[in-house]
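The sequence and structure come next.

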Amino acid sequence: PNGRWHRRDTQVQTMVKGVNACYLALDMEEGKEVVWNEIAISKEMYSSLRQNDSKAAVERVLKNFKGIEHNNLLSYGGYWIRDEEEEEEFKIIFITEYTSAGTLRGFLRKNRNSNKLI
């Protein structure tokens, strides 16, 4: 929403259950490719989240991701909730780093004989 990330039309495969769509995007501050992840939520579900104060809990979890740094985890750029009333569904959008290495399972298969793993 602040213009830092620009979504492209190129979709990438998601391995995360619950994430509806992933797109390549450009981080204008860092000058690198990132992944724009979208989770679609129906109006009814979003209304329920707001009534039960679950929206605040979801936001706390997403904010906590920002503080996690580990060599074996994708870095997390930020999030926002697109909740315009005229939309058919609401979306939680979050940004992660982009890696083209494929799945962890595929990486381990390719590097099965490496002693440097784990």
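Helices (H or I, at least four residues) and strands (E, at least two) are DSSP runs, numbered from the N terminus. The model is predicted: local features need pLDDT of at least 70, side-chain atom pairs count only at pLDDT 80 or more, and totals for chains, interfaces and linings use all residues. Residues are numbered from 1 along each chain as its sequence is written, and side-chain values use heavy atoms, without hydrogens and water.

## Second largest pocket

On a 1 Å grid over the protein atoms alone, a pocket is an open set of points with protein on both sides within 12 Å along at least five of seven lines, whereas a cavity is a set where a 1.4 Å probe fits but cannot get out; lining residues have an atom within 4 Å of a point. Points are joined across faces, edges and corners, and a volume is the space filled by probe spheres set on them.

The second largest pocket holds about 160 Å³. Of its 13 lining residues, Arg4, Asp27, Ser75, Tyr76 and Gly77 lie nearest the centre. Strand S3 (32–42), S4 and strand S5 (89–97) each supply at least two lining residues; S5 gives the most, with three.

## Cavity

There is one cavity of 30 Å³ or more. The largest cavity has a volume of about 40 Å³, and its lining consists of Ile41, Tyr46, Leu49, Lys55, Val58, Ile81 and Ile92. Helix H1 (43–51) and helix H2 (54–66) are the elements that give two or more residues to this lining.
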